[in-house]
Each structure stands twice: as structure tokens, then as C-alpha cells.
Amino acid sequence: LAASVRLNRMATYAIRRLLWVIPVLWAVATLTFFLMHAVPGGPFTQDKKLPDSVNAALNRRYHFDEPLYKQYGYYLWNASHGDLGLSVKGDHEVTEVIRRTWFVTFQLGALGLIAAAVVGMVLGTLSALNHNGPLDYLGVAFATVGASVPSFIMGSFLVIFFAINLSWFKVLGWGGPLQVSDIFDSSVYDWRKVVIPVISISALPAAFIARVTRASVLEVLNQDYIRTARAKGLAEQRVVLRHTLKNAMIPVLTVMGPLAVNLVTGSFIVETMFSIPGVGRESINAVTARDYNTIMGTTLFYALVVTSASLLVDLAYAVVDPRIRYR
């Protein structure tokens, strides 16, 4: 009965959070729309001016000749029905552009998050268990370097050393499936293209997780119940795995949401650096080309990813700490 009540509370909480996604997306769409139109120029502004008739026809096709409030109303109405408009560069549907590229961005972000979580938690735990020892100093050094070097600088050094000098890895394109339907096609996999982008995007989050994990594990190790467990004669491995790590994961989960945001925003730079055909690179190309509809569509996509990641982290709290209750 208690488990059923708890499950119902979690379901109610999840539904409330999902409903909050609607006003969040509306706010993001509104801010992006008006900030984008506040910048001088437009999608068809070029060094060589287009004939007036051509410019008028293009503006009429994309409703850019309408008053700004009408354009805003058109966009919200169409977006609420799943229509994100046409890309002004290539005349492709924005939903098709996102559908074609989201899986690559998902793979890069997921691999980066997994690498950051595994490396950060393992290194942070080893640092705490070997406090003031060699492993502790190694972990602190990694956390300091990883947190100090931006992803594009990290990627540049990795390319020079491992791709150019040693020829171990490749640096252009993506070494995984471009579509979900290609998952079981072994010919699309090339791990040599994956390693450097994943390390570049995960180094900073891994360093941050390592620091948080180290501090959290050290705090838990000083708790009375840990000393009691050891006094009862429990094996050190059981004390660490069952009692220490589980209770130390709450602060780590807390930072996972913001780290997911960092991974999302980091994909803009990493995808562009390594010519990875993901949503981040499409967004950068859209900004360069002043492609209004693609900018709006990719921004809304990233806002949805960020809010979803935040919801998943909140729900994960209950798995780690049963004392948490959702109201």
C-alpha cells in the first residue's frame, strides 16, 4: 500500500512538472522570437542586394511582410500544431531538419554524460577513500585541469596530439548511426571518430562530478552510521558500496541537471568543430544564415531537452533516497 501511494505521488508530481513545460516553452519561444527580430537585418540581407521584387516575394512566402505581432501569432499557432515552419535556406521543414539530426546529438550527449558520470564518480570516490594520498592528488589535479580548460581548447589539443601526431583517431564526421533505423548497421560505426568529441564534451562535467563526489563521500564517511557499520565488523567493500556511495549520490544527482545543460550547450561548439551532423551544428549554421525558423525550432528543441533532463533528475532522487516525498 505504501509503495502504491508513493508511486501515485511520483506520478502526480511528474504530471505537474510536465504541464510546466508548456509555459516554459512559450517563454523561450517568445524571448527568442522578439530578440531575434530586434537584430538589424533579416534572412535575405546580403552583400549583393536582391531585386525588390524577389525580396518582396521571399518575405511574402515566409510571412515576413506581416506586422511583427501577426508573425508571432502565426508562429505560436503553427508550433502548437507541430509545424515549426520552413527553413529559409534550402526550403526544408524545420521539423524534418530536427528529425534528421536529433539522434546524433542524443548520442553525443548521452555518451558524454555517461563518460562524465563514470569517470567523475569513480575518480571522486577513489580520491575520498584515499584522502591525502596519491590517488587523491591525482583526482584533484584532474578536476582542476578539466574544469579550467574549455571544450574547444581540449578538443584542439586532443586533435593535435592524438589525431595529427599519433594518427590514432579521426576528427571529422560522426562514427555512429545517423538515424535510429541504422542502429543495427555495423558499417556505420567508427569509434575512431567518436572518442575525441566525447572526451572534449565530457571533460568539464567529469571534473565537476569528481569534485562533488569527493566532497560528498568524505562527508558521508565521517557520519556516525558509517562508524557503526565498521564497528559491527562489516566488510569495507560493503560499507562503501551499500552505505557510503548510495547516500553520497544525492549531491551528485543535484548537479546532473545543470551538467546536462552544459553538455547540451557544449554540443554547439563540439559539433561545429568536428563537423558532426547534429542539431547543434544546424543551430550554428542557422544563426550565421539568419534562418529565423530554424533558430526558433532548434532553440525550442534544446529547451525541451533541458526541462526533460531536469525532470528525470528530480525523479531519480526518490530512487536514491526513499526519504524524499513528492507533494
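How much space lies in the largest pocket? Here are some notes to get you started.

1. This is a predicted model, where local features need pLDDT of at least 70, side-chain atom pairs count only at pLDDT 80 or more, and totals for chains, interfaces and linings use all residues. Residues are numbered from 1 along each chain as its sequence is written, and side-chain values use heavy atoms, with hydrogens and water left out.

2. The largest pocket holds about 630 Å³ of space. A pocket here is an open set of points on a 1 Å grid over the protein atoms alone, where a 1.4 Å probe fits, with protein on both sides within 12 Å along at least five of seven lines. Its volume is the space filled by probe spheres set on the points.

3. Now the lining, meaning residues with an atom within 4 Å of a point. There are 25 such residues, and Gly109, Ala110, Leu113, Ala260 and Ala309 lie nearest the centre of the pocket. Helices α4 (94-129), α9 (236-273) and α11 (292-320) each supply at least two lining residues; helices are DSSP runs (H or I) of at least four residues. By class, the lining has 21 nonpolar, 4 polar and no charged residues, with Gly counted as polar.

4. Phe184 counts as exposed because its relative accessibility is 80%, and the cut-off is over 50%.

5. Ala128, in helix α4, counts as buried because its relative accessibility is 4%, and buried means under 20%. The C-alpha atoms of Ala128 and Ser216 are separated by 8.6 Å, though the two are 88 residues apart along the chain.

Key:
Buried < 20%, exposed > 50% of the residue type's maximum accessible area, 1.4 Å probe, protein only.
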